[in-house]
Amino acid sequence: MEFPKIRMRERRKDPATREKFRQTQELSVKNFIMPMFVKEGISSRHAIKSMPGIYQYPLKDVVVEARKIYHAGIPAVILFGIPLHKDDCGSSAYAEDGIVQQAIQAIKTKVPALEVIADVCMCEYTSHGHCGIIKPVIGHRLSVIGEKKSREPNTENRTPNFYIDNDATIEILARIAVSYARAGVDTVAPSAMMDGQVQAIKRALMANKYPRVKILAYSAKYASAFYEPFRQAAESPPQFGDRKSYQMDYHNSDEAILEAHLDIAEGADMVMVKPALGYEDIIYRIKEELKFPLACYSVSGEYAMIKAYARFSVLGSRGSSKTEKSLVLELLTGFKRAGADRIITYYALETAKWLKNK
Ligand code: PBG
């Protein structure tokens with residue numbers, strides 16, 4: 001009988017040995033970025049149905065939440081705003097006294113050491129819920145396009161009767177970014193997937209003398225079914241059509257590398273892959289090929305899915321919260337192992353507690 005020559009299990013035999021051979025550094029709260037929803041015109045926090053434990057906060061609660069995050073050791077938040085007023089061109093997004101601008105100011109005044117990242121997009125601010133300026137395709141009327149809840153335009157197999165005007169949109173994205181910079185933001189995160197958005201923002205920041213505001217580019221953002229709970233939370237579902245003409249097709253990976261290359265050339269300080277679960281190959285490839293600071297966004301649907309798993313699968317005697325904790329640590333470590341330096345996750349606060357009591 002032949003005995004195995006290489007004894008893999010020798011490296012796994014006990015905790016001390018496993019630690020010696022551990023290749024990926026342990027997960028740290030320092031890797032985390034916590035998302036936060038700020039809503040205009042509410043007086044107390046609103047629960048988000050599909051995301052247990054996650055809330056829309058009124059402006060007055062923002063500093064308290066930010067402090068909680070900072071004291072848990074998490075070094076950064078990413079802000080999303082839900083305005084009272086929506087219109088065709090998302091004007092609330094760049095309003096001097098917009099909800100995100102006020103939140104940035106409040107946090108940077110009271111918790112200055114917390115890095116404030118602000119998502120730069122239009123979908124929460126436009127009446128149609130798309131991430132850019134909508135124009136009719138020649139031969140179609142704009143009134144049809146503006147119609148709420150019209151499911152007719154742009155079902156998959158039909159030619160859409162509208163398009164997103166890329167170059168008009170990036171001008172607005174630049175304007176939003178500058179207004180965030182004026183409010184004191186540390187980092188802006190363009191997520192509209194428009195061509196040239198990073199360059200337009202970089203130029204505008206330089207022209208307005210904000211050279212130190214950093215850009216975290218949502219470079220490889222896929223059109224994903226994982227965003228549904230977010231769209232509830234941010235009140236931003238497209239009223240017709242989908243986002244497939246700007247977000248990436250999940251059959252593609254070379255394109256993700258190119259998107260990241262382009263964003264770096266345009267002036268990004270960090271690039272991002274989104275979603276994270278199911279996209280570890282993209283995280284891995286971008287890190288391998290570009291060797292550039294890389295974030296991944298473990299999105300709302302991933303969070304909702306794990307919460308559901310924890311609720312519905314009480315495994316043996318271990319209990320659901322233990323299962324939830326082990327699964328989250330497993331997945332987040334996997335993102336890090338794949339190559340992510342920073343992880344945006346709705347689990348940031350909970351995981352910070354778990355890591356502390358480990
Ligand atoms: C804005 C934006 C979205 C997310 C982050 N920024 C939604 C979308 O593209 O529809 C999704 C985040 C999540 O699901 O947690 N464009």
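A word on the model before we go on: it is predicted, so local features need pLDDT of at least 70 and side-chain atom pairs count only at pLDDT 80 or more, while totals for chains, interfaces and linings use all residues. Residues are numbered from 1 along each chain as its sequence is written, and side-chain values use heavy atoms, with hydrogens and water left out.

## Who surrounds the ligand

How many residues surround the ligand? There are 19, and the closest are Arg231, Gln247, Lys274, Ser300 and Tyr346; to be near, a residue needs a heavy atom within 4 Å of the molecule. This shell has 11 nonpolar, 3 polar and 5 charged residues. Here Ala, Val, Leu, Ile, Met, Phe, Trp, Tyr, Cys and Pro count as nonpolar, Asp, Glu, Lys and Arg as charged, and the others, Gly among them, as polar.

Strand 9 (214–221) and helix 7 (228–233) each give at least two residues to the shell. Helices (H or I, at least four residues) and strands (E, at least two) are DSSP runs, numbered from the N terminus.

## Polar contacts

Now for the polar contacts, pairs of N or O atoms within 3.5 Å. An N or O atom in the side chain of Ser300 is 2.7 Å from an oxygen atom of the ligand. With nitrogen atoms of the ligand, the distances are 3.4 Å for a polar side-chain atom of Lys274 and 3.5 Å for a side-chain N or O atom of Ser191. Of the 400 Å² of accessible area that the ligand has on its own, the protein covers 100%, by the Shrake-Rupley method with a 1.4 Å probe.

## Backbone details in the loops

Pro275 belongs to the loop between strand 10 (270–274) and helix 9 (280–290).

Two lysines are also worth a look. Lys209, in the loop between helix 6 (197–207) and strand 9, has a positive phi near 65° without being a glycine. Lys291, in the loop between helix 9 and strand 11 (294–298), is not a glycine either, and its phi is positive at about 45°.

Are these lysines buried or exposed? Lys209 is exposed, with a relative accessible area of 69%, and Lys291 is exposed at 59%; exposed means over 50%, buried under 20% and partly exposed in between (1.4 Å probe, protein chains only).

Notes:
A polar contact is a pair of N or O atoms within 3.5 Å; within protein, one must be able to donate a hydrogen and the other to accept it, and residues adjacent in sequence count only if both atoms are side-chain atoms.
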